[in-house]
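Here are my notes on the model you sent.

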Amino acid sequence: MSGGAQLMWDEAVTGYDFGPGHPMDPVRLRLTMELVEAFGLPRASGLKVVAAASAGDSTLRLVHRSDYIDTVRRISADPRAADGSYGIGTEDDPAFERMHEVSALIAGQSVGAAEAVWRGDVLHGVNFAGGLHHAMPGGAAGFCVYNDASLAIARLLELGAERVAYVDIDVHHGDGVQAAFWDDPRVMTVSLHEHPRMLFPGTGWPEETGGEKAEGSAVNIAVPPGTSDGGWLRALHAVVPELLRSFRPQVLVTQHGADTHIEDPLAHLAVTVDAQRAAAEACHDWAHEYAEGRWVALGGGGYAVVDVVPRAWTHLVAIAAGEPIAPKTMIPEDWRRQVYAHTRQDAPRRMTDGREPVWSEWEAGYDPASALDQAVLAARRSVYPAHGLLP
């Protein structure tokens with residue numbers, strides 16, 4: 001295995017555009033890549049920037065139904081034909097020209113990252129345009145058309161992987177990935193998200209633990225609204241590493257939705273960029289500790305498109321490249337000028353929100369009066385026995 005990291009990028013992914021006023025503004029992708037470049041990360045030791053081919057129909061069919069793929073292609077040619085069937089033409093997922101082509105391109109980047117990691121070309125592959133985890137086999141949902149995360153995992157299985165772990169730290173439940181592998185014991189899906197009682201898609205209860213053939217393969221940590229850095233990181237560390245140690249994945253796939261942030265307009269957590277950076281570091285460390293370094297890291301949600309998303313995902317890229325950016329680092333002025341030119345908004349000045357995240361380890365004790373600890377214990381009780389672990 002050669003080591004190093006690969007960043008998947010094709011400017012055409014910014015064509016994933018649901019139109020003016022939609023929360024998922026593709027400017028967040030452009031600003032992220034420009035910040036990555038402003039820090040000189042493509043010149044960092046070991047980081048390659050690569051554009052993969054679009055996912056073809058045979059790859060898309062690893063997860064999605066043929067009738068759905070045909071519908072996306074047809075509507076892409078005539079968006080006016082969208083009537084809400086298959087989830088396309090809705091408020092969440094409006095139809096747009098070339099929807100199929102751009103969605104397949106994003107999927108291709110995640111699949112390409114997975115292939116490069118499995119072949120041993122690189123240890124780490126990053127596609128921050130990906131992480132579209134709500135798309136189902138037969139329909140679009142939650143701003144997602146093709147489920148690139150599921151496709152990357154399915155491709156790893158096709159190539160011979162016997163155990164793949166998926167860790168999703170988006171504020172929303174990773175329902176599409178869970179559904180795709182519900183009965184597959186080769187894939188363990190872990191989702192840390194805001195409680196489904198409060199937030200779309202309304203799934204991700206701790207009792208959702210996998211199908212009859214894969215009991216314990218689905219793990220859901222549903223934290224209460226208002227959870228901030230310490231509690232969020234405590235929940236992540238209280239569940240994930242023990243399960244990874246037991247499952248022994250050959251590849252770790254992670255989804256890094258930045259919508260956990262306190263400024264995100266679509267959710268109710270109170271996490272900072274500093275905690276998001278700490279979670280990315282933890283995922284990197286877990287890949288090395290439990291998966292021989294094989295790590296595929298994806299983006300996801302995130303709708304504070306200037307203040308949050310570019311910083312969170314630039315930290316992710318930097319960590320994967322082995323060139324982590326110190327939180328207090330000043331942001332290059334050239335990038336701040338680009339932000340204003342694109343958005344007419346003022347950009348942040350540093351790569352930090354001014355926090356130093358700390359959390360108490362689960363082993364330090366359980367507080368029965370804490371809603372956060374109750375959520376952690378519910379997840380552990382639901383799945384730990386299936387892995388031979390004590391809750």
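**Notes on the predicted model**

1. This is a predicted model. By class, eight nonpolar, two polar and two charged residues make up the contact of H1 with H9.

2. As for the geometry, H1 covers residues 27-38 and H9 covers residues 309-320. Their axes come within 9 Å and cross at roughly 50°. Angles from 65 to 115 degrees would count as roughly perpendicular and those under 35 degrees as roughly parallel; H1 and H9 are therefore oblique to each other.

3. Which residues meet in this contact? On the H1 side they are Arg28, Leu29, Leu31, Thr32, Leu35 and Val36. On the H9 side they are Val309, Pro310, Arg311, Trp313, Thr314 and Val317.

4. Turning to the whole chain, its secondary structure consists of 11 helices and eight strands. The radius of gyration is 19 Å, close to the 21 Å given by the globule rule for 391 residues, so the protein chain is as compact as a globular protein of that length.

5. Taken along the principal axes, the box filled by the C-alpha atoms of the protein chain is roughly 55 × 50 × 45 Å. Of the 391 residues in the protein chain, 61% are buried, where buried means under 20% relative accessible area.

6. On contacts along the sequence, consider those in the protein chain between residues at least 6 apart. Of these contacts, 76% join residues at least 24 apart in sequence.

Methods. Residues numbered from 1 in each chain as written. Predicted model: local features only at pLDDT ≥ 70, side-chain atom pairs only at ≥ 80, totals over all residues. Heavy atoms only, no water. Axes fitted to C-alpha atoms, helices over the stretch in contact; angles between N-to-C directions. Helix = DSSP H or I, 4+ residues; strand = E, 2+ residues; numbered from the N terminus. Parallel < 35°, antiparallel > 145°, perpendicular 65-115°, else oblique. Contact = heavy atoms within 4.5 Å. Nonpolar A, V, L, I, M, F, W, Y, C, P; charged D, E, K, R; others polar. Rg over C-alpha atoms; globule rule 2.2 N^0.38 Å. Buried < 20%, exposed > 50% of the residue type's maximum accessible area, 1.4 Å probe, protein only.
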